Amino acid sequence: MQIPSINTPFLLLPPPTSSLRLSSMARSCPISTSFIIISVLSHFTSSIGLRPWPDVLPNELQSLDIASRIRVDPDATRMASRDFGKLVHPPNPAAVLYPSSIEDIASLVKFSYNRSFPFGIAARGQGHSLRGQAMAPHGVVVEMRSLNNCSRGSRIRQLWIDVLQATLKHELAPVSWTDYLYLTIGGTLSNAGISGQTFRHGPQISNVYEMDVLTGKGELVTCSKDTNSELFFAVLGGLGQFGIIIRARIALKPAPKRVKWIQMLYDDFSTFSRDQEHLISINGLDYLEGSLLMQNSSPNNWRSSFSPSEYPRISSLISKNGIIYCLEVVKYYDELTSHTVDEELQELLKGLNFLPGFVFTKDVSLVDFLNRVHSEELNLRAKGLWDVPHPWLNLFVPGSRISDFNSGVFRDILPKINQTTGTFLVYPVIRNKWDDRTSAVIPDEDIFYTVGLLHSSGADNWEPLENQNKEILKFCDKAGIKIKRYLSRYTTKKDWMNHFGPKWRTFEDRKAQFDPKMILSPGQQIFISI
């Protein structure tokens, strides 16, 4: 298979899997048709005066070439201290850098590294962190969105939606996704990047071939499994502690045209989880997730998409049972397989024990399916319900204890609060699809479940949901359920050490090697208390 010749050296097709190099400026943007990525997208152009200069930053910073791209005014610093979670309000950064090149970012990091008293630096993408992880109190936030275009006009591919649109032009697509595509490549690779494809292809961090990384010393390093591998594995799932991801080369495969999208309802959790684990153990499906449908909420949320004509039946079922479990699967197809896809699905789903009469099928394009959350985002934005607090709790739960988690959390703790706006996900993934050499931390069982309690709330009523999250964590601790938290932030070094467990020493050693002055991502509060 050959990719059309368009003089794009960053788009390669090594057998058996294709790959895409996603770069943020390729250092100098030599070719206008290159596919380029960094950690975020959006046009942001601002260069405003530097006075009054904050006392916490060295005056010598004003003499650098990047000085005209540094803002210290309240509008800039306030914006850089907000995020999607809207739950924490640490001190503002002292300044915000709006870089025009990767060299601008390297210059800032090198300057801090060479100081006797370095200041913290955080790379900010979409600001989609939940608890201030991309903030730099009293330090400098790098507004990556200002790298939207380079001097020679190359388009920067910063978001996963950009990657999808770029690769589809060559009839290719990445193999592993997140549910929401308006996230940055650097952001998801710094955590893990999970979705319904994870059971098959692993998280996004398992599908990276190569990266360019700007370390805490200000050095731009190319790394892979074979070259500078210690940095490569440190950065993947490394929470931004070891470097800023500048470019990533990721796995691709031929893109399907359409998907068969099936949702099945269950009233028994044991049956629901047993069917999920059966389906991830066999070949054939391309996506699998599960979710909860609960009382006092619409059957339709930003994850599910039932026909309005089905609402009364589904709502009646929820009222009768309190909770209904929804199993969602997808099978990709194209022109060559369109005549066999239905038969293949019937065979794959044979023997499942969903509720008779509660199977719902849709046939949509690949783009409509992958970008499904964005459609609901637009609806929520129109209603003023998107830019609100998000007291989310994301967990990895050992498969051996998921039934106990259902009894103690889904059936007991969650219904206590009559506030169920949001989405609750629960689906299994397979440990051997993860590379233990990365910094990501997961339970030590062959099968574990992703649980996402994705609450939304009003500006003044998020604290009860936060308290509920604490109750859930307390329940797990008391019950001996050895969960691992995902996308969370601890506030003490001891808690972080417990989180990383046996990986802590390696994590600490890597920090000393690649960011010895603890400059990068201070908002995570792993090595520095704020």
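Which side chains meet in a salt bridge at 3.6 Å, N to O? I found glutamate 344 and lysine 331.

**Entry 1: ground rules**

I am working on a predicted model, where local features need pLDDT of at least 70, side-chain atom pairs count only at pLDDT 80 or more, and totals for chains, interfaces and linings use all residues. I number residues from 1 along each chain as its sequence is written, and side-chain values use heavy atoms, with hydrogens and water left out.

**Entry 2: salt bridges**

I searched the whole structure and got 28 salt bridges (a side-chain nitrogen of Lys or Arg within 4 Å of a carboxyl oxygen of Asp or Glu).

I went back to the opening pair, glutamate 344 with lysine 331. Glutamate 344 sits in helix H9 (residues 341-348) and lysine 331 in strand S13 (residues 323-333), so the pair ties together parts 13 residues apart in sequence. Helices (H or I, at least four residues) and strands (E, at least two) are DSSP runs, numbered from the N terminus. I checked accessibility for both partners. Glutamate 344 is partly exposed, at 32% relative accessible area. Lysine 331 is buried, at 13%. The cut-offs: buried is under 20% relative accessible area, exposed is over 50%, partly exposed is in between (1.4 Å probe, protein chains only).

Next I took lysine 260 and aspartate 363, whose closest N and O atoms are 3.1 Å apart in a salt bridge. This pair links distant parts of the chain: lysine 260 is in strand S11 (residues 258-266), aspartate 363 in strand S14 (residues 359-365), 103 residues apart. Lysine 260 is buried, at 13% relative accessible area. Aspartate 363 counts as partly exposed, at 32%.

I also looked up arginine 71 and aspartate 73. Their side chains meet in a salt bridge at 2.8 Å, N to O. Arginine 71 and aspartate 73 are both buried.

**Entry 3: the sheet**

I traced an open sheet of 4 strands, in the order S3-S4-S6-S5, with mixed pairing. Its edge strands are S3 (70-71) and S5 (121-124), each pairing on one side only. Two strands pair if DSSP finds at least two bridges between them. S5 and strand S6 (residues 140-143) run parallel, joined by 4 bridges. Alanine 122 stands opposite valine 141 in S6.

**Entry 4: cavities and pockets**

How many cavities of 30 Å³ or more does a search of the whole structure find? I got 7. The terms rest on a 1 Å grid over the protein atoms alone: a cavity is a set of points where a 1.4 Å probe fits but cannot get out, a pocket is an open set with protein on both sides within 12 Å along at least five of seven lines, and lining residues have an atom within 4 Å of a point. Points are joined across faces, edges and corners, and a volume is the space filled by probe spheres set on them.

The second largest cavity has a volume of about 170 Å³. I listed 17 lining residues; Leu239, Val441, Arg485, Tyr486 and His499 lie nearest its centre. Strand S18 (484-486) and helix H14 (493-500) each give two or more residues to that lining. H14 gives the most, with 3 residues.

The largest pocket has a volume of about 990 Å³. Its lining holds 36 residues, with Ile483, Lys484, Arg485, Tyr490 and His499 nearest the centre. Helix H13 gives the most to this pocket's lining, with 6 residues.
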